[in-house]
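Visitor: I have a few questions about this model. Could you walk me through it?

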Amino acid sequence: MDDAATYGAPPAVGSDRLRAVARNAFPFVVVGAIWEIVARSGMFPRQLFPTIEDIARSFVDLTVSGILPHHAIETVFRLLGGFGLAAIVGVSIGVLMGRSRRAEDIILPLVSILAPIPGLAYAPLFLLWFGPGEVSAVLLVAFVSMFAIIFNSWTGVKAVKEIWLRSAMAMGADDRRTFRHVILPAALPYILTGLRLGLAQAWRILVAVEMLAAVPWGLGWLIFGAREFLNTDAMMAGIVVIALIGLGLEKYVFQKIEDYTVVRWGMMESMG
Amino acid sequence: MTDSAQRRRTLIRGLLSIAAAAAFYQAVSMAGLFPKVLLPPIPVVLTTLWGMLADGTMLQHAGATLYRVLIGFGLAIAVGTPIGIAMARFKAVENFFLPLVSALMPIPSFSLVPLFMLWFGIGNVTTILIVFYAATFPMLFNTWTGVRSVNPLWLRAAGAMGADERRLFWKVIVPGASPFIITGMRQAFLRSWIAVVGAEMIAASDFGLGWVIFDSKEFLQTDIMMASLVVIGVIGYVFERLVFGSIERATVYRWGMVRMAKG
Amino acid sequence: MLPIEISSVSLIYDTPGGKVPGVKDVSINIDASEFVCIVGPSGCGKSTLLNIVAGFLTPAAGEIRIGGKAVTGHGMDRGVVFQDFAQLFPWRTALGNVTFGLEMKGVAKREREEIAREQLRLVKLEKFTASYPHHLSGGMQQRVAIARALAYNPAVLLMDEPFAALDALTRDDMQRLLADVWRETRKTVIYVTHNVAEAVYLADRVIVMSPHPGTVKADIRIPLTRPRDPLSAEFLDWQKILLRQLGHEPGGDETHKSNGKATT
């Protein structure tokens, strides 16, 4: 974007951007048109296959009435709660494993046993142990996203270049400061990758967790509940919001953090 | 310290750690602090697992789950790989699919479960389609990246040696992109495995490992739950390590193409 | 600046194939502010010796004294420059890298940045203080590494083939720069290299080592006046003397090089 602003004359930039928008919009127009034709053809009942108009109306109605935002906010908070917990616990365990051979020997087998089971499979167990509702949902999300964070933090700390440690030692850094000023920043590309993967996993299962855990609000619950009343349009509106949040997390949260740290340091290429 | 002594110590510590964790669980379970149905003692879980394996019910559930996952995964390869290749080779295809893929990818497959339940009812069709949806994107995305990253030098060299378009494709592009394609398959299977368990919990009837776990919640049969968890873990592990691991060893490792497409 | 005494130092490597002597019974006395180059073929233990002086390796026998004080582990009386460009911390700017040692020493922010700026000026990088390492060329990164090693004012500078990975032209520039820096700071320098011309250009004294096990083979004083002219006849003579010590016939190094080119 900077390049275009510096090197391109303003009108050319405008038309280029317009063309890019048109090119990106085209496939959606095609798919939308097909959807609309099928919906209006009467091949399927309108209730099960709503027109785009229905979906849009439902989206606007639910947004204006505040129902959709409420669901979305609850979901985001639940995500952040679970993910935040996973980030704190996961990075701590991973870094500990990377620093101490003994911790690695003890923790790695346990983690390796628990990790290959898809997180959602633990859901019924968590529901029995912690009861249906918020606690189970948050703990489950945290548990599921923790493994990617642990593995990547562990790898990151182990991958710190020997030469950095030597340089730091030669310049008089003690263990504590070597950890803070060398090991942590050096492991950061891996830790961020782990957090990114963890968040993606948390996001992928949160919706299902909300369906299973019987929480009173949340997008997963919204679309699951809408099924009872054949509110396919509300369901689709919910899915749209889920897609937007997913996209926003990826594009605006992690990419920004990476651009400000590891990309600026030349330790990782920008994903954008 | 020598290497083998270190390795032995790692092994001993690992075994001790697992034994300690199991003993701790067993102690909590026996202590009666919590209702025993919620924390079944380990021998009970093992007995249940053995019983279900012996009378064939576990195999039936595992079979149903594997059937769903393999069909969905196979469909995902059949659809994702060609689209990924076409996207990398033809700009027009890329222009059409890339925006769609970027928009659909962040939608978790589970959010489509209720919709598919309305459309296709509960059972095989819905679960297979959810698996398909979950697995297609990693397959497509990795193939696309892989084909684009084929070293242009190889193409030029093969062209100079008289390879035509078709042979260029099969002899250079496909093997060149294979580390990414294999990584894509690995990721796709992982996603499929997660998707099938979740989809079965919400939308399956009568059979499947996910279904049996969720169903036993109703009757507080935590021993069945845990026995099924073990089976899920073992199958996932076997595919991840043995199947994909050996594919990798037979191809990209042997060629010295270290996994470039890690992640 | 402090003298260095290396007395009967030995080190044995534990390898899967058994115990391999790295260096054996090496003794070298280095005066304060002296520039000493250690040359030798690969495997002669020159880097090992440097790492022992730096305190990264502990010798099996013998001892090292710097300014009369026995060396145990690493310390801030020594600055170290490695060959690998990656020695800089990528998450810190050039200035941030140079201030690191001072920060560890507890020097106040403003003061340490002032010192670091001064050091970067010394290596002619005052315009690049805010750059991250990955934006700098290899030669510039090595200059930052030198500034970083000098910033906390150690008495001794230890350099392990710092310019070996640079192209020939940049290397010439860097040697000139290092000679200037040394003249200004008067550090005691131990400089490991396998490049004979580099040794003759930089050193007051050249220690020639031979491999298996690593021992001192010759100790040669280079009496040329500074700044030295690499094209002068005496310069070439000294190169020949060193080459002969390393087992090459005079001129043999040249044929060796052209042979290498013809086959690759």
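What follows is a set of questions and answers on this predicted model.

Visitor: Which two chains share the most contacts?
Guide: Two pairs of chains are in contact.

Visitor: How many residues of chain B are in contact with chain A?
Guide: On the side of chain A, 43 residues take part. On the side of chain B, the number is 41.

Visitor: Which element gives the most to the side of chain B that touches chain A?
Guide: The elements that give two or more residues are α1 (3-31), α4 (91-104), α5 (113-120), α8 (165-203), α9 (209-218) and α10 (222-253) of chain B. One of them gives eight residues, the most. That element is α10(B).

Visitor: What span does α1(B) reach from its first C-alpha to its last?
Guide: α1(B) has 29 residues. At 1.5 Å a residue, the expected span is 42 Å. The model comes close to that, at 42 Å.

Visitor: How many residues of α1(B) are buried?
Guide: Being buried takes 20 or more other C-beta atoms within 10 Å. α1(B) is hardly covered. Among its 29 residues, the buried count is zero.

Visitor: Which residue just after α1(B) takes a positive phi?
Guide: Its phi is about 80°. The residue is B:Gly32.

Visitor: Why is chain A described as more spread out than a compact globule?
Guide: Chain A holds 11 helices and zero strands. For its 272 residues the globule rule gives 19 Å. Chain A is well over that, so it counts as more spread out, with a radius of gyration of 23 Å.

Visitor: What box do the C-alpha atoms of chain A fill?
Guide: The box is taken along the principal axes. Its dimensions are roughly 75 × 65 × 30 Å.

Visitor: What share of the contacts in chain A with a separation of 6 or more comes from residues 24 or more positions apart?
Guide: Burial first: 44% of the 272 residues in chain A are buried. Now the contacts with a separation of 6 or more. Residues 24 or more positions apart account for 70%.

Visitor: Which are the edge strands of the open sheet of four strands in chain C?
Guide: The order of this sheet is β2-β1-β4-β5, with antiparallel pairing. An edge strand pairs on one side only. In chain C these are β2 (18-30) and β5 (69-70).

Visitor: What is the bridge partner of C:Ile6?
Guide: Strand β1 (residues 4-15) and strand β4 (residues 61-66) of chain C run antiparallel, joined by five bridges. The partner sits in β4(C). It is C:Ile64.

Visitor: At what angle does helix α1 of chain C run to β1(C)?
Guide: Helix α1 (residues 46-54) of chain C lies across β1, β2 and β4 of chain C. Its angle to β1(C) is about 115°.

Visitor: Which residue in β7(C) stands opposite C:Arg78?
Guide: Side chains in a regular strand alternate between the two faces of the sheet. In strand β6 (residues 78-81) of chain C, C:Arg78 and C:Val80 point one way, C:Gly79 and C:Val81 the other, and all are buried. Four bridges join β6(C) to β7(C) in parallel. Opposite C:Arg78 stands C:Val156.

Visitor: Where is C:Pro213 found?
Guide: A cis peptide bond joins C:His212 and C:Pro213, with omega about -10°. C:Pro213 is in the loop between β9 (205-210) and β10 (215-221) of chain C.

Visitor: Where is C:Pro227 found?
Guide: The peptide bond from C:Arg226 to C:Pro227 is also cis, with omega near -10°. C:Pro227 is in the loop between β10 and α7 (233-245) of chain C.

Visitor: Why does C:Asn153 count as partly exposed?
Guide: C:Asn153 is not a glycine, yet its phi is positive, about 55°. Its place is the loop between α4 (138-151) and β7 (156-160) of chain C. C:Asn153 counts as partly exposed because its C-beta neighbours inside 10 Å number 15.

How values were computed: Residues are numbered from 1 along each chain as its sequence is written. Chains are lettered from A and ligands numbered from 1 in the order in which they are written. Two strands pair if DSSP finds at least two bridges between them. Two residues are in contact if their C-beta atoms, placed from the backbone, lie within 7 Å. Axes are lines fitted to C-alpha atoms, for helices over the stretch in contact, and angles run from 0 to 180 degrees between N-to-C directions. A residue is buried if 20 or more other C-beta atoms lie within 10 Å of its own, exposed if 12 or fewer, and partly exposed in between; C-beta atoms are placed from the backbone. The radius of gyration is taken over C-alpha atoms; the globule rule is 2.2 Å times the number of residues to the power 0.38. The expected span of a helix is 1.5 Å times one less than its number of residues.
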